[in-house]
Amino acid sequence: DADAGSTVAYSLSGADADDFEIVNNTLALKEAADFETKSSYAVTVTASDGENTATQAVTYTITDANDNAPVFTSNAAVSIVENTKGPTLLETTDADTNSTVSYSLSGADADDFEIVNNTLALKVAADFESGKTAYAVTVTADDGENTATQAVTYTITDSNDNAPVFADVNYDIS
């Protein structure tokens, strides 16, 4: 204020006025912004010296930070018939905009699996008669900042894929 000795008081109005406060002549949000909840705020600041007023519209545009971990939406328990690789699409959601998720494997049977185009599958078709009827792997989703894990179990079911075989017995019919 160009007038000597003037004291300026501020007040807030507008749609988001309740979300703001003025402390030591500084306008600030009362709580930390969260892009996923609200991406912009609008408030009108009125300055008054007791005789005259001025108003200023202020808009806060919030930018998204990569602050949310991916969340798995794909199945964790998969049942497949032997002689297949059991491809399973890995699906996650991430509340952050423009988030790119990559996947990695760990766990007891990790070497038996591969991920191609976000699809988890056994490297070799399962064989129930081999005695291995279940595989377990941990899938980690990583968005560059945050990670999430999901334990995935493949249960192998038997199929009728073997013909009967005569026992190798020498019969002597006299």
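**Aromatic contacts in the predicted model**

F20 and Y41 are both buried (under 20% relative accessible area with a 1.4 Å probe, protein chains only; exposed is over 50%, partly exposed in between). This is a predicted model, with local features needing pLDDT of at least 70, side-chain atom pairs counting only at pLDDT 80 or more, and totals for chains, interfaces and linings using all residues. Residues are numbered from 1 along each chain as its sequence is written, and side-chain values use heavy atoms, leaving out hydrogens and water.

Now to the rings. The structure has five aromatic pairs, where rings of Phe, Tyr and Trp (its six-membered ring) pair if their centres lie within 6.5 Å; planes under 30 degrees apart are stacked, over 60 edge-to-face, and the rest tilted. Strands here are DSSP runs (E, at least two residues), numbered from the N terminus.

F72 and Y103 make a tilted pair, because their ring centres are 6.3 Å apart and their planes meet at 45°. Distant parts of the chain are again linked, with F72 in strand β6 (residues 71–72) and Y103 in strand β10 (residues 102–106), 31 residues apart. F72 counts as buried because its relative accessibility is 15%, and Y103 is buried at 15% as well.

Ring pairs also join F20, Y41 and Y60 into a cluster.

Note on methods. Helix = DSSP H or I, 4+ residues; strand = E, 2+ residues; numbered from the N terminus.
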